[in-house]
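Dear colleague,

Please find the structure below, handed over for your own work. A summary of the findings comes after it.

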Amino acid sequence: MGRPGLNRRQLLGGLGGLSVAGGFGFAALGTGADALASSANTRVRYWNLFSGGDGSNMIAMLDAFRKANPDIAVKDSTLQWGSPFYTKLAMAAAGNRAPDLGVMHLGRVTGFSPGRFLDPWDVGLLAQYGVREEDFNPALWKRAVIDGKLYALPLDIHVQLCFYRKDVLKKAGLLGGDGRMVPVTSPDEWFDVLKEAKRATKKGLQTIGMWSSDQNFQWWFFVAFYTQLGGTWFNGPNTEVTFDTDKATQVLEFLRRHIADGYANPGFAGAAGAEQFVNGAPFVWEGNWSVPVYSGAKLDYGATPLPPVFGKQATHAESHAFVLPHQSDRGGATNEAAHRLAAYVVTHARQWAAGGHIPAYTPTLSTTAYKDLNPQSEYASAMDHQATEPKVWFAGSTGVLAQRVGPIVVSSTMGSSKPETAARRMKSALTQLLAMKNPMDGRTAAQGGAAA
């Protein structure tokens, strides 16, 4: 921390090695187009990556903030999700043209050179606006702390879920008295459930959609079940790989069995699983962002964290978080307004929960309004059972880790490699990544100050 920042040319050269430039294409959409010309006393430039349903919910929350704070003009811009967003944000920080407030996936913060491309939050100022550490899940808050400073303010967690059709499961005798799916605590119990559900499924439909050939989803599912087994990735200083190939093989065999036993159709790639679910397939595994889709289709369905088949509850989780992109002159009224805006959105996240995300601000979870949300309230417990990627620079949504290891998981799930072979390849890839230098600052994971 405190080292001189990279210039734009150096940064571009480093990022280019990760194939993330992509022409820097992005969509500068937003609702505060006239903010810079308004008569408000303070103006805040805010970059986010929310489109679709997320985007409309965020716009509604920003409009509510504007109404409650007429002295602050918010200029919000929605950029293209994924690598183009992170590239542009890094370039803006390196060129001292960063927005006053931004959004990142929490898993990417460690790799974004905190202290050089990100400024720390003023926790005292956040407290003045009603945001305190004790109002967040301890593990989630800890992930946002690097070298003793808070570099990200969590807005939510978004998790991988097991969506289920209540009408089909009722026919199969798989609904409990509470109207929810029967509990599952082992691989054998899970495949017994799939067997019964298949018998009650209309001809031509698969039993479960699980994004079999998608590297991101397969990686997320692996993280969940490997965490259930108590698997680890690296030692504390991030100098050695502790990845357990025996446990990894168990997970890979479990994922593969869905196809080998005929419950998942490998030909139904991507969104086809969601389509099958809408048409009557009993199960689909995917992110909580699909809640608006299934609710909009008027389905009789539920959603629960991925089944704890290996005994311990854990489902993959990421988090959208507010960050302060580095500004050489950060401070004053604009910085205070950025803190106020982020705190407002975090503490008024009922609207955000409508999109399926679990609000990070835990007082929201105990409100009647949130408890009345279905199926959101059914899987809110995932907040206490998060399976996250290791806290290293190459992890996080759309990060290098998923790009390198995700395809290996897919090769096992789809049957082109044996699970034990894939497990060894995963460990080899992790060993290579641990030795790699972060293009943001030229440091390996062991040198990056990732420990909270």
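This is a predicted model: local features need pLDDT of at least 70, side-chain atom pairs count only at pLDDT 80 or more; totals for chains, interfaces and linings use all residues.

Residues are numbered from 1 along each chain as its sequence is written, and side-chain values use heavy atoms, with hydrogens and water left out.

**Second largest pocket**

The second largest pocket holds about 680 Å³ of space. A pocket is here an open set of points on a 1 Å grid over the protein atoms alone, where a 1.4 Å probe fits, with protein on both sides within 12 Å along at least five of seven lines; lining residues have an atom within 4 Å of a point. Grid points are joined across faces, edges and corners, and the volume is the space filled by probe spheres set on the points.

There are 31 lining residues, and Asp54, Trp81, Phe217, Trp220 and Trp289 are the closest to the centre of this pocket. At least two lining residues come from each of helix H2 (52-68), strand S8 (156-165), helix H8 (215-228), helix H11 (291-296) and strand S12 (315-318). Helices (H or I, at least four residues) and strands (E, at least two) are DSSP runs numbered from the N terminus. The largest contribution to the lining is that of H2, with four residues.

By class, the lining has 12 nonpolar, 14 polar and five charged residues. Nonpolar covers Ala, Val, Leu, Ile, Met, Phe, Trp, Tyr, Cys and Pro; charged covers Asp, Glu, Lys and Arg; the others, Gly among them, are polar.

**Helices H15 and H16**

Helix H15 (residues 400-413) and helix H16 (residues 419-435) have axes that come within 9 Å and cross at roughly 170°. The axes are lines fitted to C-alpha atoms over the stretch in contact, and angles run from 0 to 180 degrees between N-to-C directions. H15 and H16 are therefore roughly antiparallel to each other (an angle over 145 degrees).

In their contact (heavy atoms within 4.5 Å), H15 contributes residues including Val400, Leu401, Arg404 and Val405, and H16 residues including Pro419, Ala422, Arg425 and Met426. The contact of H15 with H16 comprises 11 nonpolar, two polar and two charged residues.

**Backbone features**

Asn374 and Pro375 are joined by a cis peptide bond, with omega about 10°. Pro375 lies in the loop between helix H14 (368-371) and strand S15 (386-387).

Asp147, a residue other than glycine, has a positive phi near 55°. Asp147 belongs to the loop between strand S5 (145-146) and strand S6 (149-150), and its relative accessibility of 41% makes it partly exposed. Buried means under 20% relative accessible area, exposed over 50%, and partly exposed in between (1.4 Å probe, protein chains only).

Lys298 is likewise not a glycine and has a positive phi of about 60°. Lys298 sits in the loop between H11 and strand S11 (301-305) and, at 72% relative accessibility, is exposed.

Lys427, in helix H16, is partly exposed at 32% relative accessibility. Lys427 and Phe243 are 184 residues apart in sequence, yet 6.2 Å apart in space, C-alpha to C-alpha. Not counting residues up to four places away in sequence, Lys427 touches Val241, Phe243 and Thr245.

Ala272, in helix H10 (residues 272-278), is partly exposed with a relative accessible area of 21%. Ala272 and Gly209 are separated by 63 residues in sequence and by 7.9 Å in space, C-alpha to C-alpha.

With kind regards

Terms used: Angles under 35 degrees count as roughly parallel, over 145 as roughly antiparallel, 65 to 115 as roughly perpendicular and the rest as oblique.
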